[in-house]
Amino acid sequence: MSQVSNQQVVDLFKRVYGDLHNLLPQDFPLAREIPFSEGRKVGDSFVEAFVLANETGWTLAGTGQDAFDINPAIAGVVKQSSIIPSQVVLTSVIPFAFISRSAGGGEKAFYDGTKHVMQNHIRSHSRLLEALRIHGQRAAKLGYVSYAPSGTVYRGATYSGSGNVTVGGVAFTAGINAASKAILLAPGYFAAGLWVGLEGCVVQQLDSSDAVVASGKLVSVDADNGIIYVDFTPVAATGLTSHKVAFEGMEANKEMVGLHKILENAGTLFGISAASYALWKANKVDLLKKRFSLKALQEGVAQAVNKGGLDKPLMVCVNPRTFAALTQDEAAMRKYDASYKSAAQNGFETIEYYAANGLNKIVPHRMIMEGDAYGLEIGDWIRSGSAEISFKVPGLDKEVIFPLENQAGWVVRSFSDQFVMCRAPARQILWTNGNDEGVAY
């Protein structure tokens, strides 16, 4: 480090990574389809207005020619809600050797020497935010510990009792194998994209009241069988929803409210009551342990059209396993997107279905749990806050990069402060309780 000063490194970092927005990955569907924008900030919160009821002060005048009285106005309901975004900080360490061997060679050498660490850092932060946009503050957190009833078939194996099954060669009792420190996620509650590649992250096991009963690190993932391995002894489940898993901090709801919680809400959310205003409540379809299908899509769309006046196409997000099954169903009623060329390939990236609201696009999303699906009218969704992923903290005119005192490395921290919100839940659809190994709904 004798050849370059601390300030030279910071200056290089600003020039190379200062415009981070252009480097953010674009392969996370919600981040791509719901662009970030700064909302209307008032103090430490953001204020959004929502239309919850229409004007009803009409006068029916009949066919007579006499003067008639006009009824007084009965105003619609437009409510403002204050939303406080949630902060995320991600820390990485770049070894001195990466810096010392590249900083003296200018911007290109500096980029070549640090790009792999920094690209992984940016992608990791983006990936976490995408997971929280979906599952933030939902009741199930990141999935329940398996306690499926006897006779349930999962990954080709049949449960012999509540949570007792052998999957992937591992025998589970009440959803765990204490000797192997393995947790089997309940059928319908596994999403490979939430776990694969996150070895070393802190995992907590929570009870039904969100109290931490066990905690440690993720060791490995068996994505084919819905199993996570940890470095602590997991606690056996005692009921269908008695125990669940989460990232550290989720036990105290320190993350943003995700789309699942928004769509499952039947009470008060962001200060507005779904019991008082029907337009604040999403449409829900119980798949009854069956597989998501075109019939389920049509049923959900019919609800959204009837209740919320849905008249625009939906982006329907499903787990890739569900998507794979859909490609084999309803062939006569599906339309391939522009990426499909029958002479060159057999697959496709999206499926498009006609329903009462028009043409709906079905896309795979590996962070969607296997039993869920979401119908989103993208124009109704807001993604805002004080900061998209950045190496700067708003209000501070400097990047968060500095050398460690007692270790041979530089600390780099990225910061985000965001929320996701829906202006019209009544135009959205939530499908739950699905089984992608079952018969079609």
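The model is predicted. Across the whole structure, a search finds 11 salt bridges. The largest pocket holds about 900 Å³ of space, and the search for cavities of 30 Å³ or more returns two.

**Salt bridges**

- Arg133 and Glu130 form a salt bridge in which the closest N and O atoms are 2.6 Å apart. Both residues belong to helix H4 (residues 106–135), where they are three residues apart, about one turn of the helix.
- Arg133 counts as buried because its relative accessibility is 4%, under the limit of 20%. Glu130 is likewise buried, with a relative accessible area of 0%.
- A salt bridge also joins Arg138 to Asp372, with 3.2 Å between the closest N and O atoms. Arg138 lies in the loop between H4 and strand E5 (153–154), and Asp372 lies in the loop between strand E21 (358–364) and strand E22 (373–376), so the pair ties together parts that are 234 residues apart in sequence. Both Arg138 and Asp372 are buried.
- Arg427 and Asp380 meet through their side chains in a salt bridge of 2.7 Å, N to O. This pair links distant parts of the chain, 47 residues apart: Arg427 is in the loop between strand E25 (409–422) and strand E26 (429–432), and Asp380 is in the loop between E22 and strand E23 (381–390).
- Arg427 counts as partly exposed because its relative accessibility is 25%, which falls between the limits of 20% and 50%. Asp380, by contrast, is buried, with a relative accessible area of 5%.
- A network of salt bridges links Arg155, Arg321, Glu370, Asp436 and Glu437.

**Open sheet**

- An open sheet is built from six strands in the order E9-E10-E13-E12-E11-E14, with antiparallel pairing. Strand E9 (176–177) and strand E14 (243–247) stand at its edges; each has a single partner strand, so one side of each is left without a neighbour in the sheet.
- Within this sheet, strand E12 (residues 212–222) pairs with strand E13 (residues 227–230) in the antiparallel sense, over four bridges. Tyr229 in E13 is the bridge partner of Ser220.

- Tyr147 is located in the loop between H4 and E5. This residue counts as partly exposed because its relative accessibility is 22%, above the 20% limit for buried residues.
- Although Tyr147 and Ala237 are 90 residues apart in sequence, their C-alpha atoms are 6.4 Å apart in space.
- Leaving aside residues up to four places away in sequence, Tyr147 touches Ser162, Gly163, Ala174, Ala237, Thr238, Gly239 and Leu240.

- Strand E4 (86–95) and H4 each supply at least two residues.
- By residue type, the lining of the largest pocket divides into 14 nonpolar, 11 polar and seven charged residues.
- The second largest pocket contains about 580 Å³ of space. Its lining has 31 residues, of which Ala186, Pro187, Tyr189, Lys289 and Asn433 lie nearest the centre.
- E5, helix H5 (259–264) and E26 each contribute at least two residues to the lining of the second largest pocket. This lining divides into 13 nonpolar, nine polar and nine charged residues.

**Cavities**

- The largest cavity has a volume of about 40 Å³. Its lining residues include Arg291, Glu370, Asp372 and Asp436; Asp372 also forms the salt bridge with Arg138, and Glu370 and Asp436 belong to the salt-bridge network.
- The lining of the largest cavity divides into three nonpolar, four polar and five charged residues.
- The second largest cavity has a volume of about 30 Å³. It is lined by Ile262, Asn265, Leu269, Trp280, Met421, Cys422 and Pro425.
- The lining of the second largest cavity comprises six nonpolar residues, one polar residue and no charged residues.

How values were computed
Residues numbered from 1 in each chain as written. Predicted model: local features only at pLDDT ≥ 70, side-chain atom pairs only at ≥ 80, totals over all residues. Heavy atoms only, no water. Salt bridge = Lys/Arg side-chain N within 4 Å of Asp/Glu carboxyl O. Buried < 20%, exposed > 50% of the residue type's maximum accessible area, 1.4 Å probe, protein only. Pairing = 2+ DSSP bridges. Contact = heavy atoms within 4.5 Å. 1 Å grid on protein atoms, 1.4 Å probe; cavity = no way out; pocket = protein on both sides within 12 Å on 5 of 7 lines; lining within 4 Å. Points joined across faces, edges and corners; volume = space filled by probe spheres on them. Nonpolar A, V, L, I, M, F, W, Y, C, P; charged D, E, K, R; others polar.
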